[in-house]
Amino acid sequence: MKKLIVFSLIALLLNAGNVTAQTNARNEKDFTAAFDAAIVKTLEKIPDVPGIAFVVIKDDKPIFTKAYGMADKEAGLKADSKTLWYMGSTTKSFTALVAAMLDKEGKIKLSDPVAKYTQGIQFKTTLPDKIIVRDLLTHTSGLQNSPLVFRTAFSGQIDKAEIEHAFAQGTTFDEANYGKYRYTNLGYNIYGLLVENNLGLKWQDLLHQRIFDPAGMKHSTAYASRAASKKWTIAAPYVFSDQAGGIIRSRLNK
C-alpha cells in the first residue's frame, strides 16, 4: 500500500505543479523554474525515492532536462542528465511497434491464433485457438503464468530451456477473463517467445534492429549487460520492500 501511495503522490503533485507552471508561465524560463521548484518540493515530501529524472518536450525539442537524487546510493553517485534509467514497461510500446511491422510483413500475423506459432511445445494446458496474437499485446488473452512473468522480468533467470519449460508447464487459461483487459507482462513475454521460436531472433535484438539503431538511439538498449559493457552511467535498480518498509537495492542486474 505504501508503494502505491508514494507513486500516486508523485503523480498527483507533479501534475499539479505542471499545470500551475504552464498556467502562470510567461515564457520557457518561468516554466522551467516553476517546474523545477514543484519537483523539489514533491521529492522533499517523499524521501523514499532514490533518484528520478524528467524531460519536457516542446515543439520536438527538450526545454527541460534534469535529474534529481542519487543514481547509486551505495556508491554515492548522484543522478545527472547523462544517467541512463531502466525503461521497464516502455519496452511494451517498442515491442508492439515491432509486432506491427512483423504483421505487415506477414511473419507473425496479429490475427493468427497464438497456437499457430507454438508448434512443438507440449503444453500442460492446451491453448484455445480463439486466442490470437493481438490478444497478447492488448492484455485480453485470459492467459495466466506467474512463474514465466517472474523469471523473465524479475529473477534474471533467462536460460532458454528453463523459460520454455515454464511457458509450457505454467500457462493456464481463464475463460472468464478472455477478452477483458488485464494489464500484465505475460502477453509480451509470450510474444517474445513466439518471435524467438519462429524467427530465431530475440525481441531485444529486434528492438535494436528495427527501432533503436534506425532512430539513432545510441544510448538505448534492451540489454543491461550491453550498457554495462559500454561503461554507461546507469541508475542502480531499487524496489519497494514491504518487509523493510522502504526502498532497497534490487538483486536484478540483467
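What we have is a predicted model, where local features need pLDDT of at least 70, side-chain atom pairs count only at pLDDT 80 or more, and totals for chains, interfaces and linings use all residues. Residues are numbered from 1 along each chain as its sequence is written, and side-chain values use heavy atoms, with hydrogens and water left out.

Let's start with helix α2, residues 28–45. Helices here are DSSP runs of H or I with at least four residues, strands are runs of E with at least two, and both are numbered from the N terminus. The end C-alpha atoms of α2 are 26 Å apart, which agrees with the 26 Å that its 18 residues should span at 1.5 Å a residue. That expected span is 1.5 Å times one less than the number of residues.

Which residues of α2 are buried? They are F31, T32, F35, D36, A38, I39 and T42. Buried means under 20% relative accessible area, exposed over 50%, and partly exposed in between, with a 1.4 Å probe and protein chains only.

D60 sits between β1 and β2 and is exposed, at 76% relative accessible area. H139 sits between α4 and β4 and is buried, at 10%.
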